[in-house]
Amino acid sequence: MLSYPRAFPSPTAPRIRAVARRILIVFLGFIVLLAVAAVGAGMLIRLPGERRTPSGLIRNQAVYVTTRDGTRIAVDLWLPEDYAGGRIPAILRATRYGRAKRIAALGRLAWRLGFLEDAGIDRNFGPTLGVPALNRHGYAVVVADGRGSGASFGSRRAECAPEEIEDYGEVIDWIVGQPWSDRRVGAWGISQDALNIEMVAALGRPALKAVATLYTTLDSQFTTAGFGGLYNRENVRRWAEHNRIVDANEPPCPPGLNTCRFMSTWVFAGAKPVDGSEGKRLLAEAVASRKNYDVFASWGTLLYRGDPLGESGLTMAEIMPFGARERIEASGVPFFSIYGWLDAGLAFSGLVHFNNFSNPQEVHIGPFSHAGLYDADPFATPNASANPDHEEQMEMVASFFDRHLKGEAAAANAEGAAKPGRVVRYYTLGAGTWRSTPVWPPEGLEPVRYFFDEGGRATLDPQGSGSDTMDVDFAAGSGALSRYRSIVQATDIVYPDRAAATGRLLHYDSDPMAGDRELTGSPIAELHVASTREDGAFFVYLDNVAPDGTVTYLTEGVLRGIFHKTSSRPGPYRTLGVDRAYWKEDAEPLEPGKVYRMDIEMFPVSALVRKGHRLRFSLAGADADAMPRVPETGPAPRVTVHRAMWKRSQVTVPMAPFLTETRDAPPRASRKGGGR
């Protein structure tokens, strides 16, 4: 029997390769046929929105509404699945993030096979966010693309620019004129969408009866894009890139991520065009004609209150709710709001809104990450779903609208009866309990002053004097999942055990608690400090220290050094503690070596501090994970923290004994059991 060296092929090798090629061709052909069949089958599948309701109307319709200046605004209408005719109320959502995605062939097939919850509806940020719950409650739902985004024509010069908000007012007018409309409209949104909706309330459209604003702000410059005068550059960069991708109708895929590109082509195929044979052409025309503003560059021009936003010429007062307060109050519309204690500065914003706006308000502040996706209680297991979860929160929204757009309550409001009241329902971290209060801060809390003392102690009766020094470490940070990141990356808010992190910082620990204590409100730090540099960032952290040494984040405050003075004139709204408005005339560089008093309002929080636990107050001069360094160049500052009698640094904490018998039931059954 002959054998052949490995360097020479067997006489049968060409035949084997030929057969292999034929098998491969047949296999690939089979795959292609399957793919074609899948695409063909997908195209034949009708999604829920494409079916007719008992009234004979298609459930989901996509049309253009032409505004006063000729701009065509794309809107989706979703009628209830069981709509049999007659007039019903409507709920509007107005978005710059795309009202809907076009569901491609494989997306339709995936829906039929049960891989998508409802016609490509992702439960978090899907094409028809909120529609299922609102339709079930008998509402028509209208979702509008903001001008210069989605399938709408026009261009954007800012978020919530007056022309965009007026567009939404005209969408309300369009709703009122529809044969299915009973001329009563509610409006809701999450994050930026909620900002749009609140500004719509300022238009004073009589048809708008109630508004639900979730996880939003009344002042983006100082609660999301910046904090304490510091610019949250990385967040704005990410947000700007996301907006650019949406507005250009590009796949949101990093280079080389082929799975994402496949999904963006065959499952969710870009922005949804309006109905009709011309829809795709009009979508392409709308995208090609846009000249939208540079989000990152424009927001980077903001430093002082009153600065214009890039080349738009608009100030925050012209595009934010705080500047429209009088008009919003005049509308009289009731508000329903949800916020998370650790979600950027949004809980602060919600409480400021409650204290500054006279409208009826139902405010819920819980352990929620941005958009209510995760349970962000720092004592809870990371990445657990929020409780109540997103679907339950939407049921709360729908029930709110029921109270104001339907039945006797709506009729009573229309006749000028007493408006609904004002309440804040808040969750206590680490306790799993909810409480209601008609005022903020709640009654029954006492200010407890903790003085920085020698030996790293925080005492109620200081004995020592002197000072401590801190060399700023520009590498110090709060982690990749901090409160500053959640708002742009839709993740849980997680601060791992901070024993090591705070151990490297200058910190002061209180004595153990003699009993369970509730900390609710806005702690205020009064620092007496001197620096070797003309500017800096001053972070104050408040943590819970368990007997076993575990350190759990509670809240923090931050201030840029040039804003050390309080305001020379009133700001546009009352804050929760420190009167600081960030006017240009109030800014002043630090004189190296000079001692300054800096009052720093910390983010509001409600937390249980258990018996035997301590409070830890830590100081830092940087958060490399969230903020740019200050000063940007030159040596790191050395900061001296004074503890002398007349210059004694301290933190005032609002506290009370923890009384479980005064607690309310949560909006939905709580899974919480308590902190460590």
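Student: Where is S649 found, and between which two strands?

Tutor: S649 is found in the loop that runs between β27 (647-648) and β28 (650-657), where strands are DSSP runs of E with at least two residues, helices are DSSP runs of H or I with at least four, and both are numbered from the N terminus. This is a predicted model, in which local features need pLDDT of at least 70 and side-chain atom pairs count only at pLDDT 80 or more, while totals for chains, interfaces and linings use all residues. Residues are numbered from 1 along each chain as its sequence is written, and side-chain values use heavy atoms, with hydrogens and water left out.

Student: Why is S649 called buried?

Tutor: Buried means under 20% relative accessible area, exposed means over 50%, and partly exposed lies in between, using a 1.4 Å probe and protein chains only. S649 has 0% relative accessibility, so S649 counts as buried.

Student: What makes the approach of S649 to the backbone nitrogen of H528 a polar contact?

Tutor: A polar contact is a pair of N or O atoms within 3.5 Å; within protein, one must be able to donate a hydrogen and the other to accept it, and residues adjacent in sequence count only if both atoms are side-chain atoms. A polar atom of the side chain of S649 lies 3.0 Å from the backbone nitrogen of H528.

Student: Which residues does S649 touch, not counting residues up to four places away in sequence?

Tutor: Contact means heavy atoms within 4.5 Å, and with that exclusion S649 touches F451, F452, E526, L527, H528, V641, H642 and R643.

Student: Why does L129 count as buried?

Tutor: L129 is found in the loop between α2 (105-112) and α3 (131-136), and its relative accessibility is 7%, so L129 counts as buried. L129 and I190 are 61 residues apart in sequence, yet their C-alpha atoms are 9.7 Å apart in space.

Student: What makes helix α13 mostly covered?

Tutor: Of the 11 residues in α13 (residues 346-356), 10 are buried, and among them are L346, F348, L351 and F354. For the chain, buried residues make up 56% of the 676 residues.

Student: Why is one side of β1 and of β14 left without a neighbour in the sheet?

Tutor: The open sheet has 10 strands in the order β1-β2-β5-β3-β6-β7-β11-β12-β13-β14, with mixed pairing. At its edges stand β1 (60-66) and β14 (433-437), each with a single partner strand, so one side of each has no neighbour in the sheet.

Student: How do you know that β13 and β14 pair?

Tutor: Two strands pair if DSSP finds at least two bridges between them, and β13 (residues 422-428) and β14 pair in the antiparallel sense over 5 bridges. V424 has T437 of β14 as its bridge partner.

Student: What is the largest nonpolar core, and which residues have the most contacts inside it?

Tutor: A nonpolar core is a set of buried Ala, Val, Leu, Ile, Met, Phe, Trp, Tyr and Cys residues joined through side-chain atoms within 4.5 Å. The largest has 105 residues, and those with the most contacts inside it are W188, F401 and L615. Helix α14 gives the largest share of this core, 7 residues. A second, separate core has 57 residues, including V75, L79, L302 and M316.
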